[in-house]
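Here is a quick tour of the model, working from the overall fold down to a few residues. Have the coordinates open as you read.

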Amino acid sequence: QVQLVESGGGLVQPGESLRVSCATSGSIFTMNAMAWYRQAPGKQRELVAVIRNTGTTEYADSVKGRFTISRGNAKNTVYLQMNSLKPEDTAVYYCNANLVLVPGRSESYWGQGTQVTVSS
């Protein structure tokens, strides 16, 4: 059974940095894309960043130049490096993976979420 396990959230002050990680466990064939979403209290979940199997990345306008999504050396691990954090970045951050389980069959998975709080 495929699972996504996130780690690295926490409380930081404005201007500081934080890195969150997402590791995939279980048997998969390959990865189509992995992404980070976030959901602040009272708001809809929004896409923060995505990295595709080609290595191409996309970012929400609100985080461009501050956040970097990358894949780790371990298969199907993704990181989100967050710099110059602002109070408005406070949210639960969710990892999403679109995985190919076997050729011709893809499914989307979500992690449990990790809290990031930016406050002085």
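## Overall fold

Helices (H or I, at least four residues) and strands (E, at least two) are taken here as DSSP runs, numbered from the N terminus. On that basis the protein has zero helices and eleven strands, so the order of elements from the N terminus on is simply β-β-β-β-β-β-β-β-β-β-β.

This is a predicted model, in which local features need pLDDT of at least 70 and side-chain atom pairs count only at pLDDT 80 or more, while totals for chains, interfaces and linings use all residues. Residues are numbered from 1 along each chain as its sequence is written, and side-chain values use heavy atoms, with hydrogens and water left out.

## Size and packing

Along the principal axes, the C-alpha atoms fill a box of roughly 50 × 25 × 25 Å. The radius of gyration is taken over C-alpha atoms, and the globule rule is 2.2 Å times the number of residues to the power 0.38. For 120 residues, a compact globule would come out near 14 Å, and the protein agrees, with 14 Å.

Buried means under 20% relative accessible area, exposed over 50%, and partly exposed in between (1.4 Å probe, protein chains only). Buried residues account for 42% of the 120. A contact means heavy atoms within 4.5 Å; among contacts between residues at least 6 apart in sequence, 53% join residues at least 24 apart.

## The disulfide

With a disulfide being a pair of cysteine sulfur atoms within 2.5 Å, the structure holds one. The partners are C22 and C95, with their sulfur atoms 2.1 Å apart. They tie together distant parts of the chain: C22 sits in strand β3 (residues 18-25) and C95 in strand β9 (residues 91-102), 73 residues apart. The link is left-handed, with -80° about the S-S bond, and both C22 and C95 are buried.

S21 is also found in β3. It is buried as well, at 15% relative accessible area. Leaving aside neighbours within four places in sequence, S21 is in contact with V5, E6, S7, W36, V78 and Y79.

## Strand β4 and its partners

Two strands pair if DSSP finds at least two bridges between them. Strand β4 (residues 30-39) runs antiparallel to β9, with nine bridges joining the two; here Y37 stands opposite Y94.

β4 is also antiparallel to strand β5 (residues 46-52), through six bridges, and M34 has I51 as its bridge partner there. β4 and β5 make a hairpin with six residues between them, and G42 in the turn has a positive phi of about 80°.

Is R66 buried or exposed? R66 lies in the loop between β6 (57-59) and β7 (67-71), yet it counts as buried, at 10% relative accessibility. Its side chain reaches the backbone oxygen of S62 at 2.9 Å, a polar contact (a pair of N or O atoms within 3.5 Å; within protein, one must be able to donate a hydrogen and the other to accept it, and residues adjacent in sequence count only if both atoms are side-chain atoms). Not counting residues up to four places away in sequence, R66 touches Q81, M82, N83, S84, L85, K86 and D89.

S84, one of those R66 contacts, is in the loop between β8 (77-82) and β9. S84 is partly exposed, with a relative accessible area of 41%. Most residues other than glycine have a negative phi. S84 has a positive one, near 50°.
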